[in-house]
Amino acid sequence: MKKLKKEHLRILFGGLTESHRVIGPKIEGGVVVLAEIAVHDIPAGFEDRQMAGSYRLVTGERPEIFSFSAGPDSFKRFLHPPVSEMFAFKSSRTAIAITAPDCQGKPLAFIGVRACDIAALKLYDKVFLGGAEKDQCYESRRKDSLVIALDCSYPGDNCFCHAMGTGPSVMDGFDIALVELDASFLLEAGTIAGQRLLDVLSLEEVTEGDMKERSSRTERCLGMMKKSIRTEDLPGLIYRSLDHPRWMDIAERDLECGNCTQVCPTCFCHSHYDFVRLAGISPRAREVSGTRVRKWDSCFSRNFARVHGGNFRPSRRARYRQWMSHKLAYTFEQFGLPGCVGCGRCITWCPAGIDITREVEALRDVR
Amino acid sequence: MKRPRIGVFKFTSCDGCQLSLLNLEDELLDFVGLFQVAYFREATDRPLRGHLDIALVEGSVSTERQRSHVVAVRERTRYLVTVGACATSGGLQALRNWADIDDYKNAVYPSPAIIETLPCSTPISDHVYVDYELWGCPVSSDELSETLGSFLLDKRPGIPGYSLCMECKRKGIPCLLIARSAPCLGPVTRAGCGVLCPSLERPCYGCFGPKEGANIDSLLNVFRKSGLSHHDCALLLDKMNTSAYRKARTREGPP
Ligand code: SF4
Ligand code: SF4
Ligand code: SF4
């Protein structure tokens, strides 16, 4: 581990932008979103006030550069884009020709990735690369990407990463890990690519005082975390609660809008559409050409559970239950990892203010 | 192969949705090449004869004569598709459904006695079976072209039933409801418009009508918590899809 003066962060940025699209935090419409940024775009000094169903950005007193917590976006928007072309096709009387898209582009460097999102990224890798068939576009984007992780100085108001065992300190899964201190950043390389970036920086040795500051900051962050989930009886609690009356109560409030799933860094569901323009149809030659497009979808969309003959999840109650059960139970069996990393996004960005931590707790109530 | 015969019909409406068809521009030549336009008053004088493979129906039913006309269109048509808010939910003119029609007649016309109209403006589906409904005020040209293409390919059109929020989040638009407490109808409104309003920092006002299973009362509770009165909330819903939003509020179904 080494130390970098805060004002030298821009040198790290400079090295990155030559070879990568640097994706990091930036303010848009009063919200910290992720976009391609330059170092001065980082909203240093801003603080976010989050509640269930509410988000406000204010200029605060905090001295840190990364003074804010995660907004609605995550790496997911870039590694698994919301709308992407899978392939172009052209079918004729005798054959179907398929053309793969070029998803190569300039490699991505994610800066300021929180510990919760690194846990989510591990799940994503299992989903898109862990099976017999790999997602080729995801693979090529992921392979070339750099993860520059960051220990949280402050938790968001809806965070509960500690309960889920994912944060607030970054443990692994990074190319470079940053820890922000008063006057400097601690840096650690996790891969050879990360080490190469550090080699060109003028770094200082870490002192015992720095390490003390680091642990007291982690303590402070933990102390400020307001939310939690008791995990000792998961996933069993969910399996025992499939007919709990609480699901009905949630269904009264739930808007079935899908916002929670779109902001969740572990939600990966999507649908495919074959998009054919009128110009792509030639009945005389019996030719059809178009594209297969993938779009983020959600278990909250009615069509998502429609199969031949009907819909196997016809009620809001069933849809919310499916969502929470997938997060807190089924993913353990599916991927051996929790499907919720405690980032709190679904709580903040739910218009109805439905709070997963409170709803799990309510399932524990005796009926 | 014979080109499928298509008819475009207008009931009570502003013609805007028929114009969306003419607005296909790049695809217009393909459209007339692929379909035989058997009836379309905006484009040709050709009188209506014979059967139709597809009827695109714009506008709501608001006179006695329209009531029998829509039945006649249905009888000669294989697939009937409604286009736009008026045909699909009764339109802005359905605001009269919640008032006394004579009051309106007297307020608007110098000789109210000569006005022949029904007391309510109703969607096409109140009168005949509708195969597909395209929402929007006006409809999206993309959805129109997708639906016409689907007919030729013999597949179900991919008309979204999910919320506008889904489309909004895909576009990465900072949420107006969460970050500004704006009364955005996105969570209960059908996707399809391409997120026109939130992209311009305006809350959604519901041109595409209620999404499938819209939980309107829960959203209005949220608006009331941020200071809107019952009256303000009702006004939000009483626009070009007033009938559909009101119906969705009272519809019984599994929550
Ligand atoms: S379920 Fe909610 S808190 Fe958990 S990872 Fe997803 S968005 Fe974050
Ligand atoms: S839990 Fe909230 S964000 Fe998710 S679908 Fe329901 S209302 Fe929308
Ligand atoms: S701005 Fe409106 S449409 Fe977009 S996510 Fe928020 S509530 Fe939904």
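Biologist: How many salt bridges are there between chain A and chain B?

Modeller: Keep in mind that this is a predicted model. A pair counts when a side-chain nitrogen of Lys or Arg sits within 4 Å of a carboxyl oxygen of Asp or Glu. On that basis the count between chain A and chain B is three.

Biologist: Which side chain of chain A does Asp142(B) meet in a salt bridge?

Modeller: The cut-off is 4 Å, and the N to O distance here is 3.7 Å, so the pair qualifies as a salt bridge. The partner in chain A is Arg277(A).

Biologist: And how much area is buried between chain A and chain B?

Modeller: The contact involves 50 residues of chain A and 42 residues of chain B. Carbon and sulfur atoms give 59% of the buried area. The total comes to about 3,800 Å².

Biologist: Which three residues supply more of the area that chain A buries against chain B than any other three?

Modeller: Chain A brings 50 residues to the contact, yet three of them supply 18% of what chain A buries there. Those three are Leu255(A), Leu278(A) and Pro351(A).

Biologist: What about voids: what is the volume of the largest cavity?

Modeller: The structure holds eleven cavities of 30 Å³ or more. The largest has 19 lining residues, and Leu34(A), Asp73(A), Gly112(A), Arg114(A) and Asp117(A) lie nearest its centre. Its volume is about 190 Å³.

Biologist: Which strand gives the largest share of that lining?

Modeller: The residues lining the largest cavity split into eleven nonpolar, four polar and four charged. Strand 2 (21–28), strand 3 (31–36) and strand 8 (108–113) of chain A each give two or more residues to the lining. The largest share, four residues, comes from strand 8 of chain A.

Conventions: Residues are numbered from 1 along each chain as its sequence is written. Chains are lettered from A and ligands numbered from 1 in the order in which they are written. This is a predicted model: local features need pLDDT of at least 70, side-chain atom pairs count only at pLDDT 80 or more; totals for chains, interfaces and linings use all residues. Side-chain values use heavy atoms; hydrogens and water are left out. On a 1 Å grid over the protein atoms alone, a cavity is a set of points where a 1.4 Å probe fits but cannot get out, and a pocket is an open set with protein on both sides within 12 Å along at least five of seven lines; lining residues have an atom within 4 Å of a point. Grid points are joined across faces, edges and corners, and a volume is the space filled by probe spheres set on the points. Ala, Val, Leu, Ile, Met, Phe, Trp, Tyr, Cys and Pro count as nonpolar, Asp, Glu, Lys and Arg as charged, and the others, Gly among them, as polar. Contact means heavy atoms within 4.5 Å. Buried area is the accessible area (1.4 Å probe) that two parts lose on being put together, summed over both.
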